Amino acid sequence: MQRSETCDSGFKDSLSSEVSRVGTDSFDSNQPESACQKSSTMKDGLKLNPNVDNTEVMNEKPLKNRVKTKLLALELGGLPDDKLLGLKRNSSNLSSDSGYSIEHVQMKKGVGLLSGVALIVGTMIGSGIFISPKGVLAGSGSVGASLVVWAFCGLISLLGALSYAELGTMITKSGAEYAYLQEAFSPMHRTLGPVPAFLFAWTSVLILKPALFGVTSMSFAVYLVQPFYGDCVPGDLIVKMVAVLCLFFITFINAYSVSLATKVQNFFTVMKLISVAIIIIGGIYMLVNGNTEILKTGFEDTEPSWSMIALACYDGLWAYDGWNNLNYVTEELKNPHRNLPLAIIVGIPFVTICYILMNISYFTVLSKYDLLMSTAVASSWGDVVLGGATFIIPIAVVFSAFGGCNGNCFTGGRVMYVAAREGHLPEVFSYVHVKQLTPLPSLMVSVLVASCLVLFGEIFQLIDFFSFTAWFFYGLTMACLLVLRYTQKERHRPYKVPIIMPIIVLLVSIYLVVAPIVNDPKIEFLYAFLFSVSGIVFYVPFVVYQKRVKYMTNITWFLQIVLMVAPSKYVPVE
């Protein structure tokens, strides 16, 4: 084994006083090193200081040229508790002066059952149910049909989420669709197999997740700023600036601590549910007092066209979006074999019941015409039922939007984190802060992309035209489950659903991809499709041929030092 003295001396000149040395070793992975060799090399190359915890971080996966890089011996004035970092005493790796090595850094499992339910409920119940739940009514045509559509969409979401629960308990990696697409299709072909997972990461990281993050922050900003403008409409600039401040504040929370992020999510979910309870209880009060005229219209004027009913289902399923969010953080979920399916079974039926009861409450005082014409349905309802207390509704929307924004931030960065760890994005995006144990680089990139979309993009149009791609990948994930049932029949499945469930969701997904394009064909749908597949342009050189961007290694080292991040590794659930 030979040390690179050039790299070592270069770093010695440039590191700050906090850092003693960054050493780099290269070796042929076909020649395993002995424990003695490793211990000797570490002692010579890193000059272990008995007064501090020294750290060895090894990349999980060798590069194409079969070179592994050993990084970091940072004297940071003490590292976090060894139990949090997963330190292992290993006398064969380091001298007794140190006594510790970090074989990898992994994020702490800080999401329990309650936090998992809060994440599902908090991200599914967004501001839309308070502002504009009229798409379902417009498509179905009648009060009774709209309530049936809400129930049907809840059922489809539950079937999809339970199918994801089977995948998530079998493949306990974070990243949801990305991890499942990679597991199912990569073994089929060395070059083409990983393409679906890569294209999902490409579309999700650059458009879907940041756009959803940004839209939710815009809803928060509009309702936060509006009271200061009275009857006037706030300017776009101030709304966008407040939205960007919201994005950065929430990202700071998520970068600082997983525990803090889950506590924030739990708090705002409780606030949101209090607002939901006020609307539901108000509706019950109106029903008891005989306000049933509108509900008695039942299925009058139901839309005879099945295509219109299907579009109502499309709008309804959009309101339920977020049913898969817990699968994005499976690695941080305590006891995922139990808590993942249990959180889904509790959370999604609860949201379905809330949606149905809230719509019934709206219909106790608002006619179909009133509901369709209202720009803020909950506020219109509050004017009649709450009177002077109607100010509660804008506060409820602010709480709901902030909680949804926090949930989107918490889950959105994990796709980038896992994709980078698998070699589909720059490796540094998979690094984890060595003290806070959060995916700091991926969170930073996510908030920057979301901020750019808020400030410079037509973010609402992006959501409209890319929503069909989300259902395309949902359907492809259902196909993953079917493929794995065939290719990995003997694999242990802690939770297993009847095969009819993923088939139903797959058929619904196919429809939801085709329906908006057929019903209202626009050139923007083609642009969205072309953008999604354009990832191939980057996949071929950087993934297939393993081309490296010049100076990327130096940039990675620099970011490691500045951000105090280190490579992470997936540890399977026992």
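How many disulfides does the structure hold? I take that up in point 1, and the rest follows from there.

1. The structure, which is a predicted model, holds zero disulfides. C313 counts as buried, at 13% relative accessibility. C452, by contrast, is partly exposed, and its relative accessible area is 42%.

2. Overall make-up. You will find 22 helices and six strands in the chain. Of its 574 residues, 55% are buried. If you look at contacts between residues at least 6 apart in sequence, 80% of them join residues at least 24 apart.

3. Helix 9 with helix 16. Please have a look at how helix 9 (residues 195–225) packs with helix 16 (residues 392–421): the angle is about 165 degrees and the axes are 8 Å apart. Since angles over 145 degrees count as roughly antiparallel, the two helices are therefore roughly antiparallel to each other. Their crossing is left-handed. Sorted by class, the residues of this contact are 18 nonpolar, seven polar and one charged.

4. Helix 9 with helix 20. Helix 9 also meets helix 20 (residues 523–533), with axes that come within 8 Å and cross at roughly 120 degrees. This pair is therefore oblique. On the helix 9 side the contact is made by L199, W202, T203, L206 and I207, and on the helix 20 side by F531, S532 and V533. By class, that gives six nonpolar, two polar and no charged residues.

5. Is V543 buried or exposed? This residue, found in helix 21 (residues 536–544), counts as buried, with 14% relative accessibility. Setting aside neighbours within four places in sequence, V543 is in contact with F198, G423, H424 and F538.

Key
Residues numbered from 1 in each chain as written. Predicted model: local features only at pLDDT ≥ 70, side-chain atom pairs only at ≥ 80, totals over all residues. Heavy atoms only, no water. Axes fitted to C-alpha atoms, helices over the stretch in contact; angles between N-to-C directions. Helix = DSSP H or I, 4+ residues; strand = E, 2+ residues; numbered from the N terminus. Parallel < 35°, antiparallel > 145°, perpendicular 65-115°, else oblique. Left-handed = near helix turned anticlockwise from the far one by under 90°. Nonpolar A, V, L, I, M, F, W, Y, C, P; charged D, E, K, R; others polar. Contact = heavy atoms within 4.5 Å. Disulfide = S-S within 2.5 Å. Buried < 20%, exposed > 50% of the residue type's maximum accessible area, 1.4 Å probe, protein only.
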